[in-house]
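Biologist: Please show me the model, and let us go through it in short steps.

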Amino acid sequence: MGAQPAAATVGPPSRGGDAGRPPRPSALSDGHGARRGRRRRTAARLRACGPYAARRPARSRRSPGAARRPCAALTAPPARAPQLPRRRPPARPASGAAAAMAEGEPWAPAPGARVCGAHAGRPLELFCEDCGRCVCALCPALGPHRGHSARLLPHAVHHKQELMALCLKDLEERKEQEAGNRRSVEQAANDLKARAIMSKRQLSDKVTELQLLLREEESLAKNFIDEKTQQALEAHDQQLESCQEKLAALETFSHRIRQIQQHSDPVQLLEKYTEIEKEMQEPRRLLEQWHPIPLSFEHILNHYKHFVTVLQSILQKPLEARLKEDVFSSLNATAKKEPGTVLKTMSPVDRLLFLKHARSPTWEYDSLHPRLKLSDDRLVVSCNWRRMFYPCGPQRFDKLWQVLSRDAFLSGSHYWEVDLLHAGAGWWIGAAYPSIGRKGDSETCRLGWNRASWCLKKFDFEYWAFHKGERIPILIEDDPDRIGMFLDYEAGILSFYNVTDGMAHLHTFRCKFTEPVYPALRLWEGSIGICKLT
Ligand SMILES: [Zn+2]
Ligand SMILES: [Zn+2]
């Protein structure tokens, strides 16, 4: 298919096979089929007449007789065919395939379209496979198609039909595959929506819990105030009682003095006075001033004021920044700060912790360098001994043997592993922003040489962590067969682990991610595969 040389091709390549196809008798039995058959014949005739004839399809279709003349005149350039058949021979011997094709046709074919342009009057009986055109029996022997491989028209038709059936079958398979892809993407989208709804519901639950806690705290604090108030009031009541008693005693004493004071008998007045003289001096000594201690709740108010301030200062920070401080809560609930040190000291790291975030990213064709090729499942990238033909596009790396993944990480935690068993002496694995340069081999394109990429590089038994062109040597005793990469987007962490060596920590890049992060690699030789973890 599509092997026709451009110079000899008359019709569009995809329709080349159709041009030589004879109308099926069954298709001609009804009017519609006949019309279709005629259209097909017309198309065949147009193609046989050369590219010029295609400009006037309406005319040739409406009147086959009118189409005959210009068509015949244009069928063959003068240089190739000096003899121009003006008219079809009245009694053309119907022979071979042509006879079989003409059988049962109610409509006489236009002679100009069915005869060889190079050999006057010879019917088109063969199909030249090399040129993709219908020719006469003489053409492969004597004419311009000498030495070309030719088949009888029905055979050629059968062959092309078989090819088309194969193609259709293949298209069916691809359609099914694509439908499968669509289902997966739809499933992912639905899952995402469901997860978002569930997360919001869980968030509401958490906030409700918080509200309940606050309400409980409010009633606890109020009870505390009530209790203290009650205690103080009881004390005040006792004091009041005692005051009352004292007031009554004072009143009684005043009354006694007043009575003595107004006594008419001087002797009795003086005698009574002497009696209570001692008592009269007493009250001044006994007099005691009460200063009730004021009970204040200021400290409680201060406590809650502080509480509110702390909460405000927490909430003032953007949510993203707060999530960043919580780094690694997804991996280890107790690890709050300094994820880098956590990662380095947490040894051995349990791979199971990471596998909760396991991904199996696949590679993107559109970014793949032509010297790299992908496995059918898009997991393995390997170097190829010759350039592959890929359509050039803005995403494609055209100089560096690099590739990015198809899926990007926009948020959350992700873990993936690469198999380095067949990776050869030099490789680069890591991640990149989509903004990494694709054309040429400048620093903006090289993995690890710019702000848009991070990688672990191996070359000649030496290992380096690379970002912005800065490299940090990494000590690895034995060549790792498998390296795990952990990305926490909000935390701004990209860590590398030697899976083969019990998840030994190799390096952690820390930065604030501002674009989607794509797993990326660059190859020197051999192949690298993403391990299927999901
Ligand atoms: Zn011929
Ligand atoms: Zn040919």
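Modeller: Strands S7 (residues 413-419) and S16 pair in the antiparallel sense over two bridges. Strands pair if DSSP finds at least two bridges between them, and strands (E, at least two residues) and helices (H or I, at least four) are DSSP runs numbered from the N terminus. This is a predicted model: local features need pLDDT of at least 70, side-chain atom pairs count only at pLDDT 80 or more, and totals for chains, interfaces and linings use all residues. Residues are numbered from 1 along each chain as its sequence is written, chains are lettered from A and ligands numbered from 1 in the order in which they are written, and side-chain values use heavy atoms, with hydrogens and water left out.

Biologist: Which residue stands opposite Gly 529 in S16?

Modeller: Strand S16 covers residues 527-530, and Gly 529 points one way from it together with Ser 527. The residue opposite Gly 529, on the S7 side, is Asp 419.

Biologist: Which strand pairs with S16 over three bridges?

Modeller: Here too the sense is antiparallel. Val 380 stands opposite Gly 529. The strand, residues 380-383, is S5.

Biologist: What is the arrangement of the four donor atoms around the zinc ion (ligand 2)?

Modeller: Donors are N, O and S atoms within 2.8 Å of the metal (3.2 Å for Na, K and Ca); water is not among the atoms, so sites may look incomplete. Cys 128 (SG), Cys 131 (SG), His 145 (ND1) and His 148 (ND1) coordinate this ion at 1.9 to 2.2 Å. Four donors count as tetrahedral if all angles lie between 85 and 135 degrees. The angles here are 102 to 124°, so the arrangement is tetrahedral.

Biologist: Is Cys 128 buried or exposed?

Modeller: Buried means under 20% relative accessible area, exposed over 50%, partly exposed in between (1.4 Å probe, protein chains only). Cys 128 has a relative accessible area of 1%, so Cys 128 is buried.

Biologist: How many residues apart in sequence are the parts tied together by His 119 and Cys 139?

Modeller: Both are donors of the zinc ion (ligand 1). His 119 lies in the loop between H7 and S1, and Cys 139 in the loop between S2 and S3. The pair therefore ties together parts whose separation in residues is 20.

Biologist: Which residue meets Lys 160 in a salt bridge?

Modeller: A salt bridge is a side-chain nitrogen of Lys or Arg within 4 Å of a carboxyl oxygen of Asp or Glu. For Lys 160 the N to O value is 2.8 Å. The partner is Glu 129.

How values were computed:
Four donors count as tetrahedral if all angles lie between 85 and 135 degrees; four count as square planar and six as octahedral if opposite donors are over 155 degrees apart and all others between 65 and 115; anything else is irregular.
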